[in-house]
Amino acid sequence: MSYTIFGDLGSGAFSAEAVLAEAGAPYAFHEVSLEKNEQRKPEFLAINPSGKIPALRLPEGEVITESAGILLTIADHFPSAHLLPPQGSAERAKAYRWLAFMASEIYPMVEISDYPERFAPEGAPAEALRAQARARLHERMGIVERFHAGPWFLPSGFSILDIYAAMFSRWRGSLGRDWPVETRLPRLVALSADVAARPAIAPVWQRHFVRG
Ligand SMILES: N[C@@H](CCC(=O)N[C@@H](CS)C(=O)NCC(=O)O)C(=O)O
């Protein structure tokens, strides 16, 4: 019985795949090409009506969408992988806080940065909106940078937060290629290198962000 990820290389599907890999779970990767706009095709809208990847089909058939919901579900399914601090602990609460922050404060800015024309009034130039979204992204990633404990995001150790934060700091196109990530988010860049070097994640990182 295997999990199926619906997603594209270099997208939010990285986080789902990296967490499954870290858990040692069996999975298949079903490509939904953003370049070909396949997320808007009826076949995929039947899986996620909001036309967004990633989506995850669980072995029992249930489909989960929303990256944060997907990561929490996988962490729940594989407690022995210790992808989150113990339930009820202050560290667990901290994990929820920052996962929710990235999902609700950062991810939506990525959509505006990538597709500003969706949000601009009809006929109005979208570039100013893109610039504003990027400015908010920079500010909010800066907050994540400041709260990153080091070496991992949570003082208790490696968790799904590391995978999620590494993914957002890797999205150079959304952040703006002229924005110097290395000097503005040095701790998250170092965290990304550590995430990318984890034995289970290394091939996944390579497919999504190096060859992808
Ligand atoms: N709230 C969603 C956002 C997902 C999202 O925006 N995914 C992007 C790819 S990284 C997407 O599907 N973009 C295509 C589009 O918006 O048309 C989540 O957390 O999973």
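Student: How do the residues of the shell around the ligand divide into nonpolar, polar and charged?
Tutor: In this predicted model, the shell has six nonpolar, five polar and three charged residues.

Student: Which residues are the closest to the ligand?
Tutor: Of the 14 residues that surround the ligand, the closest are Ser 11, Gly 12, Lys 52, Ile 53 and Ser 67. The largest share, three residues, comes from α4.

Student: And where does the ligand lie relative to the domains?
Tutor: The ligand lies between domain 1 (3–81) and domain 2 (90–198), because both give residues to the shell around it.

Student: How far apart are the centres of domain 1 and domain 2?
Tutor: Taken over C-alpha atoms, the centres are separated by 19 Å. Nine residues from domain 1 and eight residues from domain 2 make up the contact. On the side of domain 1 that touches domain 2, α1 and α3 each supply at least two residues, and α1 gives the largest share, five residues. By class, that side of domain 1 has six nonpolar, two polar and one charged residues.

Student: Changing topic: which residues of helix α10 are buried?
Tutor: In α10 (residues 202–210), the buried residues are Val 204, Trp 205 and His 208. They line one face of the helix, because they fall within an arc of 95° when seen down the axis of α10.

Student: What covers those buried residues of α10?
Tutor: The cover includes α1 (13–23) and α9 (186–197).

Student: And which exposed residues are on the face turned away from the buried side of α10?
Tutor: That face carries Pro 203, Gln 206 and Val 210.

Note on methods:
Residues numbered from 1 in each chain as written. Predicted model: local features only at pLDDT ≥ 70, side-chain atom pairs only at ≥ 80, totals over all residues. Near = placed C-beta within 6 Å. Helix = DSSP H or I, 4+ residues; strand = E, 2+ residues; numbered from the N terminus. Nonpolar A, V, L, I, M, F, W, Y, C, P; charged D, E, K, R; others polar. Domains from an automatic or database assignment. Buried ≥ 20, exposed ≤ 12 C-beta atoms within 10 Å, placed from the backbone. Arc of directions from axis to C-beta. Contact = placed C-beta atoms within 7 Å.
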